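Please keep the sequence and the structure in view while reading.

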Amino acid sequence: MSPLSSPAIIVPETLADALASLAELGADGTPLAGGTWIMRAPLRDEPMAHAYVALGRIAELRRIKISAKRVEIGASATHAMLAAALERCDDLAALRNAAAQSANPAIRHAATVGGNLCARRFPAPDLATALLGLDASVEVADAAGSERLTMEAFLAARGALGPGRIVTKVIVERTGHRSAHSRLPLRKAGDYPVAIVSVAVRLDDADRIVEARIAVGSVEGVPRRWTALEEALAGQPIAAVDVAAIARPRADRFTGRDGVEAPGWYRVHVLPVLVGRAFAALTSAAT
Amino acid sequence: MTIRLTLNGEEREFAAPPMTPLIDVLRDDCHLTGAKPVCREGFCGACMVLVDGIPTVSCLTPIALVEGGKVETVEGLTSADTPPPVQAALEAHDAVQCGMCFPGMVVSLTHLTQPGECDASRAAIKAGLTGHVCRCTGYERIVDAALAVMEGRQ
């Protein structure tokens, strides 16, 4: 017997129709992307919505546009589509690897970028963490128009976007940063990572760090930047700096969440090693 | 809401509530019990079916989202006389396990062993089988069988 109640579902073919349906449904309507989080609502003792508006058949939401200046990712692009599209974008290696390594192949074919950003109370989102490190922006639309938010502003507001609004795309500016994504699942793959560190670094002509953006996911409830470490690394030579050693006394900026796969203290404890691995991946990518 | 799809080559119509997981329609309405609802979280792979040729966790797939699609369950992955290559290789390598996780593995391996889907290496096959969990035996002979199919040895 199905554990689900019987919500309605609308499957529009255009973004305008989807926004009109969501506007009409108001608080009774929820967008549905790949379904891999929403379909587990009963297991989390969460109620299903009265009605879902499925976004998977809207062609413009599945497009990924890549230019020399930026990458625009439609919110209904799946993890698998994103990993494949970024095959040659080495500056966005963090996002490519986040998309290619999360969950398992079947989930990566279903779960979408927008879903990863919008899943409520999902504490281990690889894509959201990578996009935070890449300083991406998020386009949110409703029937009246659209607006762009920084990833930080979006993460602070998600869950409170209000009815009728959906993420339509994510924009990543290509600013000459190198990037890398480091994650620690307890098995080699297939489970939720204990911690995620995603970095984007810009160097000067002497290979000193001009800017380091370091995003941490899965440690606390929502991904956030490790600003104390970012500041400490500014000006350091990338080839010689011992990132893990600088990170160690700054890990206490995080308060780890307890979970079935790991206690909170362990999530914090592994951060210096993970950030060290991410920087090592950056360095090796540069040679 | 009537949902139409092709199931193991047959056109079918379903009147199930649209958010019903595909696995429940397959098992309860069609009595196709090869796919198993084990974790219902997308972690174990026991519910794997092919939707338009792609391995799909049927426990997390609302039936409405496969409207117009082509669904193949393990029961549909047959041929008239001899078993398909993957199934023959699994038998030849003595890799057949109990019916809990194994039908899902057969479904994913059927996709994975198509030309161009996966490198013919143990590491790539294991990465491709991520999300299939067996709690009673092991995986190595399954990987042997997949490798044999990919290398044309079976």
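This is a predicted model: local features need pLDDT of at least 70, side-chain atom pairs count only at pLDDT 80 or more; totals for chains, interfaces and linings use all residues.

In chain A, A:A8 stands opposite A:A51, a residue of strand 3, and this pair belongs to a region in which strand 1 and strand 3 of chain A run parallel and are joined by three bridges.

**The parallel sheet of chain A**

- The sheet is open and consists of three strands of chain A in the order 1-3-2, with parallel pairing.
- Strand 1 and strand 2 (29-32) of chain A each have a single partner strand and stand at the edges, so one side of each is left without a neighbour in the sheet.
- Helix 1 of chain A, which spans residues 15-25, lies across strand 1, strand 2 and strand 3 of chain A, and it runs at about 165° to strand 3 of chain A.

**The antiparallel sheet of four strands**

- A further open sheet in chain A has four strands in the order 9-10-11-12, and its pairing is antiparallel.
- The edges of this sheet are taken by strand 9 (178-184) and strand 12 (224-225) of chain A, each of which pairs on one side only.
- Between strand 10 (residues 195-203) and strand 11 (residues 209-217) of chain A, which run antiparallel, there are eight bridges, and A:V201 stands opposite A:A212 of strand 11 of chain A.
- Helix 3 of chain A (residues 93-101) lies across strand 9 and strand 10 of chain A, and its direction makes an angle of about 30° with strand 9 of chain A.

**The hairpin of strands 6 and 7**

- Strand 6 (residues 137-142) and strand 7 (residues 145-150) of chain A run antiparallel and are joined by six bridges.
- Two residues lie between strand 6 and strand 7 of chain A, and the two strands form a hairpin, in which A:A141 has A:S146 of strand 7 of chain A as its bridge partner.

**Salt bridges**

- Over all chains, the structure holds 24 salt bridges.
- One of the salt bridges joins the side chains of A:E72 and A:K169, with an N to O distance of 2.7 Å.
- Because A:E72 lies in strand 5 (residues 70-74) of chain A and A:K169 in strand 8 (residues 166-173) of chain A, the pair ties together parts that are 97 residues apart in sequence.

**Contact between chain A and chain B**

- The contact involves 32 residues of chain A and 30 residues of chain B.
- The size of an interface is often expressed as the accessible area lost when the parts come together.
- Chain A and chain B bury about 2200 Å² between them, and 70% of this area is on carbon and sulfur atoms.
- One salt bridge is counted between chain A and chain B; A:R40 forms a salt bridge with B:E41, and the closest N and O atoms of this pair are 3.7 Å apart.
- Across the interface of chain A and chain B, three residue pairs are found in polar contact.
- On the side of chain A that touches chain B, strand 1 (8-10), strand 3 (51-54) and helix 4 (105-110) of chain A each supply at least two residues, and the largest share, four residues, comes from helix 4 of chain A.
- Sorted by class, the side of chain A that touches chain B has 20 nonpolar, eight polar and four charged residues.

How values were computed: Residues are numbered from 1 along each chain as its sequence is written. Chains are lettered from A and ligands numbered from 1 in the order in which they are written. Side-chain values use heavy atoms; hydrogens and water are left out. Contact means heavy atoms within 4.5 Å. Buried area is the accessible area (1.4 Å probe) that two parts lose on being put together, summed over both. A salt bridge is a side-chain nitrogen of Lys or Arg within 4 Å of a carboxyl oxygen of Asp or Glu. A polar contact is a pair of N or O atoms within 3.5 Å; within protein, one must be able to donate a hydrogen and the other to accept it, and residues adjacent in sequence count only if both atoms are side-chain atoms. Ala, Val, Leu, Ile, Met, Phe, Trp, Tyr, Cys and Pro count as nonpolar, Asp, Glu, Lys and Arg as charged, and the others, Gly among them, as polar. Two strands pair if DSSP finds at least two bridges between them. Axes are lines fitted to C-alpha atoms, for helices over the stretch in contact, and angles run from 0 to 180 degrees between N-to-C directions.
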